[in-house]
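The following exercises ask the reader to examine a protein model step by step. Please study the sequence and the structure before reading each solution.

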Amino acid sequence: MNILQALFFPPEQPGGVSSMIPFMKERFVKQSWGMELFYLPKRVRGKGTEPVEFATFDWKLYKGTPVVDKYIQTYKDYIWWTKMRVRQRYDIIHAHHPIAALVMRQLFPGTPVLLTIHSSYERELILNGKIKADGPEHRFLTSLYRELEVKLDQILTVSASFKSYLAPYVEEPDKIGIVPNGFDESRFRPMPHENETLQFITMCRLVPAKGLDTLLEACSELKKNGHSFVLHIIGDGPIQKELEQMAVELDLYEETIFYGYMLHPEQFMPFFDIFVLPSRAEAFGSVFAEAALCRLALVGTNVGGIAEQIEHGYNGLLVPPGDSPALAKELTRLIEDAELRTRLAYAAEKKAKSRYSLQRVIRQLAHVYESYRTT
């Protein structure tokens with residue numbers, strides 16, 4: 001079979017999808033599958049002019065808002081670029097963004113189009129203070145789920161919790177499949193090391209939804225209580241300066257290192273002790289699986305896909321989102337109990353290998369693809 005993986009972001013972008021799909025392609029190709037990647041380059045902006053129409057709702061009711069207008073223009077750009085670049089036919093198109101999926105359906109009506117929805121754009125925008133809940137942008141973005149259900153051959157998502165999130169917006173939620181993200185164990189693996197001072201690491205886009213304000217507040221409490229640590233923050237984003245200033249104000253300047261964007265964090269992560277990310281929402285939380293494969297102790301929030309990956313007290317620790325005292329308490333447990341750190345880290349690695357290995361996910365996807373094979 002010849003399959004097109006239709007991304008939105010370029011493969012070099014940070015994040016779970018971008019880090020998984022190119023390596024997934026390599027594995028499929030080694031097994032004699034035909035597979036290519038396609039995405040919208042950053043330089044393609046404002047090129048598309050074709051009118052956009054949806055079958056299940058009138059998007060023009062929401063026009064005039066920045067988020068909706070940008071979304072529609074990006075849709076037009078994706079059409080323009082796809083017409084320019086995609087010449088051959090494929091047996092299946094597997095999209096990883098709603099725009100990619102709907103454009104591919106429009107341009108290739110005779111080809112099965114599948115979509116994996118990896119996260120909720122509207123929920124992230126609300127948590128990051130960009131749009132209001134139940135405002136026009138929110139209603140537009142959630143209306144797209146029904147459009148996707150009507151237009152596509154299959155919708156997949158990455159966790160049971162995110163499937164539940166989608167359920168109110170579609171008519172047949174039971175038909176949504178679940179295939180988690182998969183990770184290459186040859187890239188993410190533990191390395192022997194001994195740190196005299198305990199090393200925390202977090203890795204994410206620096207936006208309010210990731211809860212790094214909560215993490216800094218918790219670390220401030222740890223320092224006040226006399227605990228030694230270093231906090232490593234990998235990633236960039238719009239609130240980096242704000243977080244840096246917060247670290248100064250909380251007297252964490254000496255304990256905190258901001259690295260900015262890093263292309264290959266897997267080369268860096270195994271040399272730390274504890275991975276902590278107090279997100280306010282996560283559809284899956286790929287970075288937790290990556291950290292688990294590096295045999296780090298995990299601390300996260302009991303939301304979305306994080307709570308599906310971490311069983312509190314068995315392979316990590318969970319706290320409520322936005323609760324810095326609770327986070328400080330659990331980090332203190334790990335600082336003071338090396339045996340607990342080790343036990344949780346080994347259990348996290350074992351679960352990640354059994355549930356989120358790239359080869360297991362490839363088998364699941366191959367089964368889905370095979371169901372569309374024409375005889």
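**Exercise 1. Overall build**

How many helices and how many strands are there in the protein? Describe also the overall dimensions and the burial of the residues.

Solution. The model is a predicted one.

Step 1. The protein contains 13 helices and 12 strands. Its radius of gyration is 21 Å, close to the 21 Å that the globule rule gives for 375 residues, so the protein is as compact as a globular protein of that length.

Step 2. The C-alpha trace spans about 65 × 50 × 35 Å along the principal axes.

Step 3. Of the 375 residues, 57% count as buried. The accessible surface comes to about 16,900 Å², and 50% of this surface belongs to carbon and sulfur atoms.

Step 4. Consider the contacts between residues at least 6 apart in sequence: 70% of them join residues at least 24 apart.

**Exercise 2. A covered helix**

Which residues of helix α3 are buried, and which elements are included in what covers them?

Solution. 

Step 1. Helix α3 comprises residues 98–107. A residue is buried when its relative accessible area is under 20%.

Step 2. By this criterion, nine of the 10 residues of α3 are buried, and the helix is mostly covered. The buried residues are Pro98, Ile99, Ala100, Ala101, Leu102, Val103, Met104, Arg105 and Leu107.

Step 3. The cover over these buried residues includes the strands β1 (2–6), β2 (34–38), β3 (92–95) and β4 (113–117). The helices α2 (66–85) and α5 (136–151) also belong to this cover.

**Exercise 3. A residue in a loop**

Where does aspartate 91 lie, and is this residue buried, partly exposed or exposed?

Solution. 

Step 1. Aspartate 91 is found in the loop between α2 and β3.

Step 2. The relative accessibility of aspartate 91 is 39%.

Step 3. Leaving aside residues up to four places away in sequence, aspartate 91 touches Met1, Asn2, Thr111 and Pro112.

Step 4. Aspartate 91 and alanine 133 are 42 residues apart in sequence, and their C-alpha atoms are 39 Å apart in space.

**Exercise 4. Enclosed space**

Solution. 

Step 1. The count comes to two cavities of 30 Å³ or more.

Step 2. The largest cavity has a volume of about 60 Å³. It is lined by 13 residues, and those closest to its centre are Met20, His94, Thr116, Val179 and Leu365.

Step 3. Helices α1 (16–30) and α13 (358–370) each supply at least two residues of this lining; α1 gives the most, with three residues. By type, the lining of the largest cavity holds eight nonpolar, five polar and no charged residues.

Step 4. The second largest cavity holds about 50 Å³ of space. Its lining includes Phe288, Leu298, Asn315, Lys351 and Tyr356. Helices α9 (286–293) and α12 (338–355) each supply at least two of the lining residues, and the lining divides into seven nonpolar, two polar and one charged.

**Exercise 5. An open pocket**

What is the volume of the second largest pocket, and which residues lie nearest its centre?

Solution. 

Step 1. The volume of the second largest pocket is about 310 Å³.

Step 2. Among the 18 residues that line this pocket, His193, Phe272, Asp273, Arg295 and Thr342 lie nearest its centre.

Step 3. Helix α12 provides the largest share of the lining, five residues. The lining of this pocket consists of 12 nonpolar, three polar and three charged residues.

Key. Residues are numbered from 1 along each chain as its sequence is written. This is a predicted model: local features need pLDDT of at least 70, side-chain atom pairs count only at pLDDT 80 or more; totals for chains, interfaces and linings use all residues. Side-chain values use heavy atoms; hydrogens and water are left out. On a 1 Å grid over the protein atoms alone, a cavity is a set of points where a 1.4 Å probe fits but cannot get out, and a pocket is an open set with protein on both sides within 12 Å along at least five of seven lines; lining residues have an atom within 4 Å of a point. Grid points are joined across faces, edges and corners, and a volume is the space filled by probe spheres set on the points. Helices (H or I, at least four residues) and strands (E, at least two) are DSSP runs, numbered from the N terminus. Ala, Val, Leu, Ile, Met, Phe, Trp, Tyr, Cys and Pro count as nonpolar, Asp, Glu, Lys and Arg as charged, and the others, Gly among them, as polar. The radius of gyration is taken over C-alpha atoms; the globule rule is 2.2 Å times the number of residues to the power 0.38. Buried means under 20% relative accessible area, exposed over 50%, partly exposed in between (1.4 Å probe, protein chains only). Contact means heavy atoms within 4.5 Å. Accessible areas come from the Shrake-Rupley method with a 1.4 Å probe; for residues, only the protein chains shown count as cover.
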